[in-house]
Amino acid sequence: MVYTGGFDGISLRSVSGEIGKSTTTIFQNFGGRQGLLDAALDHALAGEHLRHEAMLADIGALPTDAESMARLVAFYVGAADQSATARFCLEALLRIDRLTDAGSRLQQWMAMRESFWSRLSSALLPAQVRLLAGYTVMEQAFCIILRDELDYDQLLHMTALATCRGGIAADPKADIPVLTWARTKAFPAAGEKIDERSPMDELLTRVAQQIVSDGISDINLRRIATQAGVPPSLIIYHYGDFAAFMSAAIWRAMTHELPSYLDIASSADRDAREGWLSGLETAVDPAATDGAKGFYLRYARILGQVCLLARQRQELVPLVRQLRAIEGMGIHSASLKVWPPQFRLDPAAASAFSIWIKAHALFRIVDSVPDQPVFDMVAILEALTGSPTPKI
């Protein structure tokens, strides 16, 4: 039921109807809805263990060249998308507030994924194992919506290859035809720009703040119009339809106080150049989610929720498509303008790092020692570029 409808679709009445029992049965066995979801996470983790063991047994002695590994990464992402247990664990990570003490169990899920990749190939460095385990978590969110699209299939293979080639990178400044093609297809012509001083822009900002604080699922046109004291038709008049308004509000929520070194339109990178690594650490800091601090945590949560919600709200699918197409654009620009030369990423590697760091931020929340980095970002960059660790 979570696989098809998410946590929001789980109620005592819906579950009792599914199993043909009264709600009393759920209370007797689990104490209520919360206990049921917590127990379901344990059940999902057990299923994930069996699923990974079965994959290892099936794969056997697979060649470990970059192309073979990239195909395996793409297969792994697709298999996770088809798995109810993997989907449940992903939703638990993105909606951790809906569960009780889920942190340690989600750490087990990540450890399970790392174990899979390390056991698959002894040639993988620890940082490559961590890269693959984290990258595939967030890629799974995109796969929920985009798995049947040719654009996504091409982007997935390109990015998967970047995670497996061990620093055999292309020219960092060179364009990649697949990316150009996908981005051209993903973005329609820009519509009318709303005056930043207009009441509609203020409404957009207000809804964006609500998305950051409360999530996306409860937002609808009637509620927004009522809270703003305007007729729904006025919002439709300015934005064309509610889907366009929601996409704009979600985008504003995700990019609120975008760090300067990720803003490809900004030239204020002199200060960022000196503090590039501390800037990345700040962006994944779970201590707060306001402003640049915790930027990637906020971005990843909203991104994941958009992907999950787009199962029921098809009007969000174009936004998911656009978000996947732009993955890595800011990181690529930052690596060329701000980061040390040995860590300049080509667009494919930048896309891989950008997707990985969002999972990194989410798992910082469930880390038992949250003030310590879960993974070493410098080591991840070294795995992507093949560069020696610099003296910082």
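Me: How many aromatic pairs does the count come to in this model?
Reply: The count comes to twelve aromatic pairs. The model is a predicted one.

Me: What makes the aromatic pair of Tyr76 and Phe116 tilted?
Reply: The ring centres of Tyr76 and Phe116 are 5.1 Å apart, and centres within 6.5 Å make a pair. The planes of Tyr76 and Phe116 stand at 35° to each other. Stacked requires under 30 degrees and edge-to-face over 60, so the pair is called tilted.

Me: Which parts of the chain does this pair link?
Reply: Tyr76 belongs to helix 5 (residues 66-81) and Phe116 to helix 7 (residues 103-120), so that distant parts of the chain, 40 residues apart, are linked.

Me: Why do Tyr76 and Phe116 count as buried?
Reply: Buried means under 20% relative accessible area. Tyr76 has 0% relative accessibility and therefore counts as buried; Phe116, at 1%, likewise counts as buried.

Me: Why is the pair of Phe295 and Tyr296 called edge-to-face?
Reply: The centres of the two rings, Phe295 and Tyr296, lie 5.3 Å apart and their planes are at 70°. Planes over 60 degrees apart count as edge-to-face, so the name applies. Phe295 is buried, at 2%, and Tyr296 is buried at 3%.

Me: Which residues form one aromatic cluster?
Reply: One cluster is formed by Trp276, Trp339, Phe343, Phe353 and Trp356.

Me: What lies over the face of Tyr3, and what over the face of Phe142?
Reply: Arg87 lies over the face of Tyr3, 4.0 Å from the ring centre. Over the face of Phe142 lies Arg324, at 5.7 Å from the ring centre. For Arg, the distance cut-off is within 6 Å of the ring centre.

Note on methods: Residues are numbered from 1 along each chain as its sequence is written. This is a predicted model: local features need pLDDT of at least 70, side-chain atom pairs count only at pLDDT 80 or more; totals for chains, interfaces and linings use all residues. Side-chain values use heavy atoms; hydrogens and water are left out. Rings of Phe, Tyr and Trp (its six-membered ring) pair if their centres lie within 6.5 Å; planes under 30 degrees apart count as stacked, over 60 as edge-to-face and the rest as tilted. Helices (H or I, at least four residues) and strands (E, at least two) are DSSP runs, numbered from the N terminus. Buried means under 20% relative accessible area, exposed over 50%, partly exposed in between (1.4 Å probe, protein chains only). A charge sits over a ring if NZ of Lys or CZ of Arg is within 6 Å of the ring centre and within 35 degrees of the ring normal.
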